[in-house]
Amino acid sequence: MDVKAIPQRWQVAGVVSFYMSAALVMVFVNKAVLNGSPDLPLLFLLNQLILAVVLVHATAFLTTKVEIPQLKLETAKKLAPVTFVNVVGLVFNILCLRGVEASYFQIARGLVLPLTIGVSSTHSRSLPSLRVLLAAFIVTFGFFIGVAPDAATTQHFREAPSQLSILYGVLSSLFIAIHAVLIKISLPHAGNSTIQLAYWQNLGSVVFLAPFIFFPGRALKAL
């Protein structure tokens, strides 16, 4: 095994830190936009997906390290499951964010880790270690403490989130967990390139989501 190919701890820590920082910024930015246009969550999501596709094309134009995959129907069919799960998870994610405060958002989606462990263990047919189970239990316990009604906290610090918004958060967590497993299965179909897989997912999500934008306004508001 090539030692150079193994990422160092500081590299892993750097990537994780960057991801967490970017995700945190995106939560507050997205919430600010949703506060101004609460009836257009799907249109807002569609615009983000289209922009992601455009940015990949722009990056590929500037550097040869990013390659745009060839659009083949056979590949699209193989990647349809991961793309579908991805867009459904994103829809529940943005609907959850619309209904809760930005500071409460991560609590509403607090079951991502336990559900990911459960889905991964079910798929691999293996039992996680005791430490992993302990971590999942702590996170799950924290989730139920966070979503439990508390009159004092609600009155002084935040508005009470609706049960529907919490349900959206749980469903978002479930689809994120399934998506994490499907990524590993789908990566070979995208030439083992995370960039190409991300491109396929964003483009495919646009195709899946676009028809719903033309639904009557009441249908979208019902979400």
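Biologist: How are H1 and H3 oriented to each other?

Modeller: In this predicted model, the axes of helix H1 (residues 9-36) and helix H3 (residues 73-99) come within 9 Å and cross at roughly 70 degrees. An angle of 65 to 115 degrees counts as roughly perpendicular. H1 and H3 are therefore roughly perpendicular to each other.

Biologist: Which residues of H3 make the contact with H1?

Modeller: H1 passes H3 in a right-handed crossing. On the H1 side, the contact is made by Val 27, Asn 30, Lys 31 and Leu 34. By class, the residues of this contact are 4 nonpolar, 2 polar and 2 charged. The H3 side consists of Ile 94, Leu 97, Arg 98 and Gly 99.

Biologist: What is the orientation of H2 to H3?

Modeller: The axes of H2 and H3 come within 10 Å, and their crossing angle is roughly 125 degrees. Angles of 65 to 115 degrees count as roughly perpendicular and those over 145 as roughly antiparallel, with the rest, beyond the roughly parallel ones under 35, taken as oblique. That makes H2 oblique to H3.

Biologist: How many charged residues are in the contact of H2 with H3?

Modeller: H2 contributes Pro 41, Leu 42, Phe 44, Leu 45 and Leu 49 to this contact. From H3 come Leu 90, Val 91, Ile 94, Leu 95 and Arg 98. The contact divides into 9 nonpolar residues, no polar ones and, as charged, 1.

Biologist: Is the crossing of H2 and H9 left-handed or right-handed, and which classes make up the contact?

Modeller: The crossing of H2 and H9 is left-handed. Leu 42, Leu 49, Val 53 and His 57 are among the H2 residues in the contact, and Tyr 199, Asn 202, Leu 209 and Phe 212 are among those of H9. The classes of the contact are 16 nonpolar, 3 polar and no charged residues.

Biologist: Which element gives the most to the lining of the largest pocket?

Modeller: The largest pocket has a volume of about 2,100 Å³. Of the 49 residues that line this pocket, the closest to its centre are Tyr 19, Ala 23, Leu 90, Arg 109 and Ile 176. Elements that give two or more residues to the lining include helix H2 (41-62), helix H4 (102-108), helix H5 (112-124), helix H8 (163-186) and helix H9 (194-213). The element that gives the most, with 11 residues, is H1.

Biologist: What classes of residue line the second largest pocket?

Modeller: The second largest pocket has a volume of about 210 Å³. Of the 12 residues that line the second largest pocket, the closest to its centre are Val 87, Val 88, Val 91, Leu 209 and Phe 212. H3 and H9 each supply at least two lining residues, and H3 gives the most, with 6 residues. By class, the lining has no polar, no charged and 12 nonpolar residues.

Biologist: Which residues does His 123 touch, not counting residues up to four places away in sequence?

Modeller: His 123 lies in helix H5. His 123 and Ile 178 are 55 residues apart in sequence and 9.6 Å apart in space, C-alpha to C-alpha. With residues up to four places away in sequence not counted, His 123 touches Val 181 and Ile 185.

Notes:
Residues are numbered from 1 along each chain as its sequence is written. This is a predicted model: local features need pLDDT of at least 70, side-chain atom pairs count only at pLDDT 80 or more; totals for chains, interfaces and linings use all residues. Side-chain values use heavy atoms; hydrogens and water are left out. Axes are lines fitted to C-alpha atoms, for helices over the stretch in contact, and angles run from 0 to 180 degrees between N-to-C directions. Helices (H or I, at least four residues) and strands (E, at least two) are DSSP runs, numbered from the N terminus. A crossing is left-handed if the near helix is turned anticlockwise from the far one by less than a right angle, and right-handed if clockwise. Contact means heavy atoms within 4.5 Å. Ala, Val, Leu, Ile, Met, Phe, Trp, Tyr, Cys and Pro count as nonpolar, Asp, Glu, Lys and Arg as charged, and the others, Gly among them, as polar. On a 1 Å grid over the protein atoms alone, a cavity is a set of points where a 1.4 Å probe fits but cannot get out, and a pocket is an open set with protein on both sides within 12 Å along at least five of seven lines; lining residues have an atom within 4 Å of a point. Grid points are joined across faces, edges and corners, and a volume is the space filled by probe spheres set on the points.
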